[in-house]
Amino acid sequence: MKQSTLTQFLAKKNKNKSDSSSDFESVVKLDSSPSSSESSDDEETAESSSTDNQEARKRKSSLKPNKQSTNQKKLKISNKPRKIKNRNKFCDKWKMDPELGGFISKSDMNSQHAHCNLCKKDIRGSIYNVKRHVKSTFHKQNVQAMTCTVPVDQFVPTPEVQKKQLFDDSVKDAELRLAGWVAKEDISIRKTDSLLQVMKSCFPNDALCQALASSRTKTTGIIKNVLATEEKVQLANWLRNNKFAIIVDESTDKSWAKVLVIIAKYVDANYNVREGFLGLVDVHDASSAGQKNLIMKCLSDLGIPIQNLMGIGFDNASVNTGSVKGLGVLLKVEVPNLFILDCTSHSLALCATYAAKKLPEGLEVFIHDIVNYIASSPKRQDELKKCQEFARVESHRLLQVANTRWLSLEASVKRILEQWSALMRFFASHGEGDAAGDKSSKEKASRILACMKDPKIKGYLYFIAFVLEKVNELNIEFQSSKTRIHRLLQSFRVTYLALLRCFVTKEAIAIAGDPFRVKLIPPNFLKLEELKLGPNTLNYIATLSSAGQLNRQQVQTIHTNCLSFLVEMCLQVSTRIDYKDETLVNLRCIDPTVAVSGKVDTIVPLMIRFPNLLGDSEGESDTLRDKLEVQWTKLADSKEDLPKFEPSDDPGIFWKQLSDVKDCISRPVYLEISKFMLTLCALPHSSASAERKFSILNNLKTKIRNRLQTETVTALMFAKQYVIRRSADAGSSNSWKIDDSLRLSFQKWKGASRSTKVNLIFSNATGVDQNEEEEIDFCD
């Protein structure tokens, strides 16, 4: 035979295209002698067929070793892997195969190998191996990297490309500024549709103006997803790593929905004490537990740990101030060292409300009736103007009294006293003459006129104006956004002492030492005729008494009621202000005057009260305590080297300037004490900032825009805060700087909005409820 048995077996298997030969790992070698070259072709074919049958029988018998035949020849099996030479060659048609991606070419190694131009790799020349390489992860990664590669010409753009890029950036900036202006000025978002039309008609030759496409839907998207998101992310990122306090308050908007506003008070990276809007959430459970859950959920959604909270301020509602299940008590479970303070402005208003009950019952009703009778009719307002001209008084309108703010009574009372002669003539014509309309109006005017003719009423009004002026001065001080926590006790002590001097003897005040320790008992009171009820009150009483219009009994009644008012006011103030609170006493160290005076030897009590401001680890806390104490002691010895300040200035300014003081080798001298005191400056002293946010809410959610959802209102307030903050940093009200971070946020939202708009259009076409439709269409 010309061929061996093994060669014939492999040839037969290739002819039948069988894959069974690849499953074997050993090669069967049979002993046979070479065939003679003179054998005929017929003999060779017969012998090959006989050999094939014999080998098949041997292979079958090898699978069943227990049934092997004794006459069968023994097989010699080799453990070495079979080496089969691949004779496939590279084909030129592979270059044009779209399945291979056009990356395959002939290898320089030999004609039996292909080459991947992308992976720089040679492949054994088999179409199976080439396709296997194309499907490999390594090749797919290289394909993906190549498709993401930026061409070289884009790194060095042409002047035309640069000009177009600058124009596109200018259009984006203009759309951002337009959306920021809408949010800042509390303008209806719907108005941007007509605004763009007006702008384009006014500036037809301005390419930038004509390219603007920020209508209602896009403006809402920019406000919600760019400006508001940017402000929220920046504020949350800062509060995650720094201590802060919060101010919370509840209110009901125009749509009768109860909402809770959360304000954060913190120190920013530039050492400025700031107040930042943190969230506006719908309230479904107004209990203390419900409010606590809303606060914690708001912080959790922003990724802010509750342990960074160092203080909270709220109004004087029992749900907040309760000693057992109040909001402050529940939050102290989460933050044991939490600083809690009731709103000072609300406390003063409550003090005045309880004290007013000691005055004649119809006095407050009389003030409301005067204002409401005239303000409800334009005709009566015109008639009052004629009376003012005749009486030669200023043509001022009467001021409405807020039902929830008793201290607003001062401004209304002063305006009534200013217009007293004109009002007397007005109500005389309406109550006694023919000018009155229907019978009920005439009776009301007659009742008001009768009160005005009572000489005691005007005396009480003079007294209210005198007392409330002192209280409102304190109220206005603590409505400020500046730091006032360090002056709380001192300011209340000064006002309390001013009230005591109106009816308490000097001897009783001197003996007590501290005004809050004076006992409010009759032996310590002045005589009725010695009461200090204000110069206008005393002058009015003296004038009417000498004219015989007030008898002794009436004068005594006025003095007695005024004394009861003062006593009740002082009792309420002393009850609502804990002058023995060690925290409030120690917080006076924030005052720069106290810090450099040397009167306070140590600030260890403050460090004990606020341990969460000293670091997380024990070693870090110990090191910081030593530095704080050393720097505090050094302040009193280095007055000449410290920044100049005024007692009325915000202490945060002093501590910020102090942080920049350096020694001869440019090391900060008072950095740790400055940061510590600045953080304490962020403690709340009232909830006035939350009230201001409710004023913004009322400007946004009006009767016309009462369909605004809380989510949209929240976004508008965040966007407004962002624009105001950036404008303050830029020193201009409208020319705020647009940085790369904001442009990137805008670009991301713009790129992701295409698929979102398709979904919104589909949802709108299939039908949604009213709330979803309002949110989809971005209606305001």
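A residue is termed buried when its relative accessible area is under 20%, and two residues or elements are in contact when heavy atoms lie within 4.5 Å. Both terms are applied here to a predicted model.

The chain of this model contains 33 helices and 10 strands. Of its 780 residues, 42% count as buried. The chain exposes about 43,400 Å², of which carbon and sulfur atoms supply 51%. Among contacts in the chain with a separation of 6 or more, 67% are made by residues 24 or more positions apart.

The buried residues of α14 are Leu-363, Phe-366, Ile-367, His-368, Asp-369, Ile-370, Val-371, Tyr-373 and Ile-374. The cover over these buried residues of α14 includes α15 (378–391), α16 (409–418), α17 (420–431), α18 (439–453) and α19 (455–478). In general, an α-helix has 3.6 residues a turn, so residues three or four places apart point the same way.

Strands β3, β4 and β5 form an open sheet of 3 strands, arranged in the order β3-β4-β5 with antiparallel pairing. The antiparallel strands β3 and β4 (residues 113–116) are joined by 3 bridges, and Lys-106 stands opposite Ala-114 in β4. Helix α3, comprising residues 127–134, lies across β3, β4 and β5 and runs at about 140° to β5.

A further site concerns Asp-186, which is located in the loop between α6 (159–184) and α7 (192–202). The relative accessibility of Asp-186 is 17%; because this value falls under the 20% limit, the residue counts as buried. When residues up to four places away in sequence are not counted, Asp-186 touches Ile-696, Asn-699, Leu-700, Arg-705 and Lys-720. With Lys-720, the side chain of Asp-186 also forms a side-chain polar contact of 3.1 Å.

Key: Residues numbered from 1 in each chain as written. Predicted model: local features only at pLDDT ≥ 70, side-chain atom pairs only at ≥ 80, totals over all residues. Heavy atoms only, no water. Helix = DSSP H or I, 4+ residues; strand = E, 2+ residues; numbered from the N terminus. Buried < 20%, exposed > 50% of the residue type's maximum accessible area, 1.4 Å probe, protein only. Polar contact = N/O pair within 3.5 Å; in protein donor to acceptor, adjacent residues only side chain to side chain. Pairing = 2+ DSSP bridges. Axes fitted to C-alpha atoms, helices over the stretch in contact; angles between N-to-C directions. Areas by Shrake-Rupley, 256 points an atom, 1.4 Å probe, with all protein chains shown as cover.
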